[in-house]
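Work through the exercises below with the model open. Try each task before reading its solution.

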Amino acid sequence: MNPVKPGETPRRPWIVGVSGASGTPYAAAVLRGLLDAGESVDLVVSRASRLTLLDETGLPFRDAHWQDDLRVWLSRGADGKPGTFDVDIAGVRHWSAGDLAAGPSSGSYPAQGMLIVPASTACVAGVALGLSKDLLQRAASVTLKEGRPLAVAVRETPLNGQTLRHLVTLDDSGAVVVPASPAFYAGATHIQDLVDFVAGRVLDAVGVEHGLYRRWKGELGGGSRTT
């Protein structure tokens, strides 16, 4: 228990679920964006996503060493270069994906909402059908039933009819579906720019302020670069 001391603001984190879809750099950028905005984060990393993280970055994510592993992961750029970012993870709390007694499994747990990034089609189906097979899916179901913001950054192509129906179900339930689709009007010159655009749109969906990309201002040619 961590009782709130007199004068302290109760901790109300954003829950970030990382599923097994390709796109772990998107998750890292969202986490950095939340922390840069001064937000608290409750992190749930699925078993499948740990394999994806290892494959995409060569980095492990271990429950017993999650702080060290998370710090190394978030310090890397989308191009894999270590030490690109200096990140303070003091605002992060980690919950094991298999812990169905964790705080985020209950609607009485004080959370602001949830972001699933990236969201695999299996994760989308599980949330849409209310399967709650792990903490990530259970936390998403709780988020929906409590009427809190839920952003689902689906990362798959092409999308078949079954997945599209699941996404419509999520939309009908109040979630915001955010396809991991980078745009180019912001003048991207590096892979990190494309990743940050998607991460920024995910944060936009839940109303978290950030400076991850240059917003459209209604002026043509603003994204061009001259050399």
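**Exercise 1. A serine in a helix**

Does Ser141 count as buried or exposed?

Solution. This is a predicted model. Start with the location: Ser141 sits in helix α5, residues 135-145. Next, take the accessibility. Ser141 has a relative accessibility of 15%. The cut-off for buried is under 20%. Ser141 is therefore buried. Last, look for its contacts, setting aside neighbours within four places in sequence. Ser141 then touches Gly130 and Ser132.

Now follow Ser132. Ser132 belongs to the loop between α4 (121-129) and α5. Its phi is positive, about 50°, although Ser132 is not a glycine.

**Exercise 2. A salt bridge between Arg11 and Asp42**

State how far apart the N and O atoms are, then say which parts of the chain the pair ties together.

Solution. Step one is the distance. The side chains of Arg11 and Asp42 form a salt bridge at 2.8 Å, N to O. Step two is the location. Step three is the accessibility of each partner. Arg11 is partly exposed, at 32% relative accessibility. Asp42 has a relative accessible area of 0% and is buried.

**Exercise 3. Two further pairs**

Locate the salt bridges Asp63 to Arg50 and Asp68 to Arg71, and classify each partner.

Solution. Take Asp63 and Arg50.
- The closest N and O atoms of this salt bridge are 2.9 Å apart.
- Asp63 is in the loop between α2 (47-57) and α3 (66-75), and Arg50 is in helix α2; the pair links distant parts of the chain, 13 residues apart.
- Asp63 is partly exposed at 34% relative accessible area, whereas Arg50 is buried at 16%.

Turn to Asp68 and Arg71.
- Their closest N and O atoms are 3.4 Å apart in the salt bridge.
- Both residues lie in helix α3, three residues apart, or about one turn of the helix.
- Asp68 is partly exposed at 46% relative accessible area; Arg71 is also partly exposed, at 40%.

One more group deserves a look.

**Exercise 4. Cis peptide bonds**

Which residues does a cis peptide bond join at Pro118, and which at Pro158?

Solution. Check omega at each proline. Val117 and Pro118 are joined by a cis peptide bond, with omega about -15°. Pro118 is placed in strand β4, residues 113-119. Thr157 and Pro158 are likewise joined by a cis peptide bond, with omega about -10°. Pro158 lies in the loop between β5 (150-154) and α6 (161-172).

Methods
Residues numbered from 1 in each chain as written. Predicted model: local features only at pLDDT ≥ 70, side-chain atom pairs only at ≥ 80, totals over all residues. Heavy atoms only, no water. Salt bridge = Lys/Arg side-chain N within 4 Å of Asp/Glu carboxyl O. Helix = DSSP H or I, 4+ residues; strand = E, 2+ residues; numbered from the N terminus. Buried < 20%, exposed > 50% of the residue type's maximum accessible area, 1.4 Å probe, protein only. Contact = heavy atoms within 4.5 Å.
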